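Please read it alongside the sequence and coordinates shown here.

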Amino acid sequence: MAEGTNHLGDPQAGTGALWEALRALLPPTKEGLKLDVGETVERSVALLLERAAELFYGGRRSECLQTSEVILDYSWEKLNTGPWQDVDKGWRQVYTFGCLLKAVCLCEMPGDTAAVAAALRVCDMGLLMGAAILGDVLIKVATILQAHLPSEKRPAQGPTWEQPSPKKARSDHIPIPDVKLERTVPRLHCPSLEYFKKHFLVPERPVILEGVANHWPCMKKWSLEYIQEIAGCRTVPVEVGSKYTDEDWSQTLMTVNEFINRYVMDEPKDVGYLAQHQLFDQIPELKQDISIPDYCCLGNGEEDEITINAWFGPQGTVSPLHQDPQQNFLAQVIGSKYIRLYSPQESEALYPHDSHLLHNTSQVDVENPDLEKFPRFAEAPFLSCILSPGEVLFIPVKYWHYVRALDLSFSVSFWWS
């Protein structure tokens, strides 16, 4: 049999339930991988990827592992050169193929838990940095790998959410604003689509929707223990620093368990925030616990064009005053958040940054403004609210918003056109 048409069922294949499950996800022959990664990818790299696939389907998976690591090292450099939006999709696909081959090769020998954990991290890197291939096969591979890792027993049905113990909570006092002294965001209980469109969507007015998310499974199911059970071993990006406009702000990768232990349960020097991350695409099991608000159907886009982000962090996390280019529903699942909203008409009084990178972000520290430097800010009218579990805030497109967590918090945002 020619090497280019080798099947996965050769005698050198690994054994065990994990290998069989992974093998079932992959095409039976190399040709089924469809390694067309576009013309922008250097021919030498495309040929190397072809070689890695031949080694894999030829049963030479130790050599395939080495070749895939070379591919990952080279494509990683391409992914980290210049702005992310300028990275060609072909290079992201190369990276994903490298992750796929490496992850599966790591699992050839049965019973190696460390190798399975390493393979899962490789999958997550592919999901974070790569592009979808073979019908999002990496998501399916990651699900199988996670199922083969030992885990704690699932929490009892309907667990309650508990804030960290006082000994481990952040020691600095977090003030709670008295929104009664401020102009508050209006509230509605399950308005009709027509009413919401006429009175809030079209005139671009913020509103808190009550009774819309109370029935979501996450409202009863989610706890620290549940999140650790479902997502604890998964690698995610974490923001480190008070807010992204600070000079010492940075991003790092760690597992959800590491994030909870370091930034939620301990008393850290820095603030850690799992912010603006598409966690629900990475871990579909969590996506089953939420629902896309019906009001999103009033937009122009399709449902699969809605961007769903997770915002998970301890008390005190801050999103500086900024605006987004899409409509936004912000659903509060755990804890509460203080939010201020400013109309786009007040933009000049909010002193946006001059740089292109931060042009959508205000220079003003909203709750401690330097009025000598930013005198017009004091005159800008705003709406405010404390968003509590089960409530959904509609933030119109380009509406400026500032967010601070008053407790350990988990929010879900839906960006739609």
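The structure is a predicted model. Helix H5 (residues 113–129) packs against helix H6 (residues 137–147) and also against helix H4 (residues 89–106). Among the strands, an open sheet of four has the order S7-S12-S9-S10, and strand S3 (residues 235–240) pairs with strand S4 (residues 250–255) and with strand S5 (residues 272–277).

**Packing of H4 against H5**

- The axes of H4 and H5 lie 9 Å apart, at an angle of about 170°.
- Because angles over 145 degrees count as roughly antiparallel, H4 and H5 are classed as roughly antiparallel to each other.
- H4 contributes Arg-92, Tyr-95, Thr-96, Cys-99, Lys-102, Ala-103 and Leu-106 to the contact, and these residues meet Ala-115, Ala-118, Ala-119, Val-122, Cys-123, Met-125, Gly-126 and Met-129 of H5.
- The contact of H4 with H5 comprises 11 nonpolar, two polar and two charged residues.

**Packing of H5 against H6**

- The H5 and H6 axes come within 9 Å and cross at roughly 155°, which makes this pair roughly antiparallel.
- The crossing of H5 and H6 is left-handed.
- On the H5 side, the contact is formed by Val-116, Ala-119, Leu-120, Cys-123, Gly-126 and Leu-127; on the H6 side, Leu-138, Ile-139, Val-141, Ala-142, Leu-145 and Gln-146 take part.
- Of the residues in the contact of H5 with H6, 10 are nonpolar and two are polar, with no charged residue.
- Ala-119, Cys-123 and Gly-126 of H5 are listed in the contact with H4 and in the contact with H6.

**The four-stranded sheet**

- Pairing within the open sheet S7-S12-S9-S10 is antiparallel.
- Its edge strands are S7 (318–322) and S10 (383–387), each of which pairs on one side only.
- Neighbouring strands of this sheet are turned by 15° against each other on average, direction ignored.
- Three bridges link S7 with strand S12 (residues 400–405) in the antiparallel sense, and Val-318 has Arg-404 of S12 as its bridge partner.

**Strand S3 and its partners**

- Five of the six residues of S3 are buried, so this strand is largely enclosed by the rest of the structure.
- S3 runs antiparallel to S4, with six bridges between them; Val-238 stands opposite Thr-252 in S4.
- S3 is also antiparallel to S5, to which two bridges join it; here Glu-239 stands opposite Tyr-273.

Methods:
Residues are numbered from 1 along each chain as its sequence is written. This is a predicted model: local features need pLDDT of at least 70, side-chain atom pairs count only at pLDDT 80 or more; totals for chains, interfaces and linings use all residues. Side-chain values use heavy atoms; hydrogens and water are left out. Two strands pair if DSSP finds at least two bridges between them. Axes are lines fitted to C-alpha atoms, for helices over the stretch in contact, and angles run from 0 to 180 degrees between N-to-C directions. Angles under 35 degrees count as roughly parallel, over 145 as roughly antiparallel, 65 to 115 as roughly perpendicular and the rest as oblique. A crossing is left-handed if the near helix is turned anticlockwise from the far one by less than a right angle, and right-handed if clockwise. Contact means heavy atoms within 4.5 Å. Ala, Val, Leu, Ile, Met, Phe, Trp, Tyr, Cys and Pro count as nonpolar, Asp, Glu, Lys and Arg as charged, and the others, Gly among them, as polar. Buried means under 20% relative accessible area, exposed over 50%, partly exposed in between (1.4 Å probe, protein chains only).
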